[in-house]
Structures are given as C-alpha cells and as structure tokens.
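These are my notes on a structure that I had not examined before.

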Amino acid sequence: MKSTIAIAAILVAGGVGYAMWPTVPHTTTTDVAIAMEDGVLANVLLPNTLSQNAQIGQLAYEAKCAACHGVNAAGQDGVAPPLVHVIYEPSHHGDEAFQRAAAMGVRGHHWPFGDMPPVEGVTRGDVTMIIAYIRELQRANGIN
C-alpha cells in the first residue's frame with residue numbers, strides 16, 4: 001500500500017512538473033512581430049569578402065529572392081522570413097531544402113508568412129550559387 005501511494009505521488013509530481021516546464025518554440029511571435037527599420041526582420045552583418053561563388057549567388061539572390069526575403073536575406077515583415085536565422089542553419093535546413101523550396105515551393109512551417117511558391121526561372125546551378133551566398137552570410141553571423 002505504501003509503495004502504491006509513493007508511486008502515485010511520484011507520477012503526480014512528475015505530471016505537474018512536466019505541465020509547468022517552460023517551453024520555447026523555435027520561432028516565437030516576437031521574432032516576426034519585432035521588425036526593425038523598414039520592416040527588416042534580422043540585423044545581418046556582412047562578411048568582409050565573399051567567395052566568387054557567393055558573389056555570383058548574391059547577384060542571383062538579388063534578382064530572384066530579395067523581393068521577398070529582403071536585402072542580404074534579412075527578411076521582410078509580413079512578406080518572408082530572414083534566411084540569416086538559426087532555423088536555416090545547415091543542420092536544420094540543408095542545401096537540398098533550399099533547392100527543393102526554389103524548385104517546388106514549400107509549405108509554411110516555421111513562420112506565419114504562408115507558403116512559398118516555386119521560384120520561376122532559376123536552375124539548380126543558380127540555387128547552388130545562391131546557397132553559397134546565404135551560407136557565407138550565415139557564417140558571418142555565427143550560424144554554422
């Protein structure tokens with residue numbers, strides 16, 4: 001009888017502890033709600049130099065991606081998320097995730113911006129260069 005009461009007490013305490021344990025989602029409302037000047041969502045530090053591939057990627061990014069994801073992949077309030085963000089680190093969104101998003105679009109799943117449509121007129125090679133640019137921006141901002 002004593003052991004049954006002890007087990008029940010442990011289970012109740014564990015349940016209460018679990019219910020009260022704080023959780024932090026990957027993306028909070030404040031990530032999107034607190035836009036910086038001109039609706040920019042991230043403060044992006046630029047690297048001193050870009051590799052040749054990243055320079056090519058920057059041009060492609062500016063032509064095909066910046067309209068939504070903002071200058072230097074800093075995002076735009078109410079439009080699209082910043083790509084210089086821990087959510088898009090290589091271990092969470094690998095290069096193929098970017099390839100697939102550009103080719104097929106992607107269902108919104110981390111941010112409240114809705115679905116991303118496919119990007120018209122970009123090749124896998126273009127996206128590879130864009131990824132080089134984004135990854136160099138990420139590394140300059142401590143995202144590896």
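For residue classes, I counted Ala, Val, Leu, Ile, Met, Phe, Trp, Tyr, Cys and Pro as nonpolar, Asp, Glu, Lys and Arg as charged, and the others, Gly among them, as polar. By these classes, the lining of the largest pocket has 23 nonpolar, 6 polar and 3 charged residues.

I noted that this is a predicted model, in which local features need pLDDT of at least 70 and side-chain atom pairs pLDDT 80 or more, while totals for chains, interfaces and linings use all residues. Residues are numbered from 1 along each chain as its sequence is written, and side-chain values use heavy atoms, without hydrogens and water.

Helices here are DSSP runs of H or I, at least four residues, numbered from the N terminus.

Entry on L83. I listed its contacts (heavy atoms within 4.5 Å), leaving out residues up to four places away in sequence: L83 touches Y61, H69, A73, Y88, F98, I134 and Q138.

Entry on A73. I found A73 in the loop between α4 (66–69) and α5 (95–104). A73 is buried, because its relative accessible area is 0%. From A73 to Q138 I recorded 65 residues in sequence and 9.4 Å in space, C-alpha to C-alpha.

Key:
Helices (H or I, at least four residues) and strands (E, at least two) are DSSP runs, numbered from the N terminus. Buried means under 20% relative accessible area, exposed over 50%, partly exposed in between (1.4 Å probe, protein chains only).
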